[in-house]
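Let's take a walk through a protein together. Have a look at the sequence and the fold, then read on.

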Amino acid sequence: MHPFRAAVEAGDHDALQALLAEDVVFTSPVAFKPYPGKAMTAAILRGVGRVFEDFRYVREINGVDGRDRAFVFKAAVDGREVHGCDFLHFDEDGLIDELTVMVRPLSGAQALATAMGAQFERITAEALGASEA
């Protein structure tokens, strides 16, 4: 099992953060502007862990050069079904430097946007705390 998948499924946020490059860029399924940096990406992933219910990966797709992977998942947010995919790109050191998430259907994406919006003050505080440490 890929270390990213293992960390997500185990809820191991320290292991997950260790897989991120310092300059990682997170692209959200519900926000236009990408979020740069390891501290912010790790905080967002912790927030997602708090809002997703019954999260599980159902498929893993590997790129031919080993630097790209896609993890297809199913979950629920506030009772709404969400299907999605985490698209990862790895730098030359094997760390995640791009993480893009896409979700469907629209009702699930809207529920996710609302739930993450409610988390965002905490996410920002966690990211600022981590970057100051």
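Where is D78 found? D78 sits in the loop between β4 and β5; helices (H or I, at least four residues) and strands (E, at least two) are DSSP runs, numbered from the N terminus. Before we go on, note that this is a predicted model, where local features need pLDDT of at least 70, side-chain atom pairs count only at pLDDT 80 or more, and totals for chains, interfaces and linings use all residues. Residues are numbered from 1 along each chain as its sequence is written, and side-chain values use heavy atoms, with hydrogens and water left out.

Back to the backbone. Most residues other than glycine have a negative phi, and most peptide bonds are trans. D78 is not a glycine, yet its phi is positive, about 50°. D54, in strand β3 (residues 53–62), also isn't a glycine and has a positive phi of about 50°. D78 counts as exposed because its relative accessibility is 68%, and D54 counts as exposed at 54% (exposed is over 50% relative accessible area, buried under 20%, partly exposed in between, with a 1.4 Å probe and protein chains only). Then there's the peptide bond from R104 to P105: that one is cis, with omega near -10°.

Now for T41, in helix α3 (residues 38–51). T41 is buried because its relative accessible area is 0%. Not counting residues up to four places away in sequence, T41 touches L20, V24, F26, Y35 and L99, where contact means heavy atoms within 4.5 Å.
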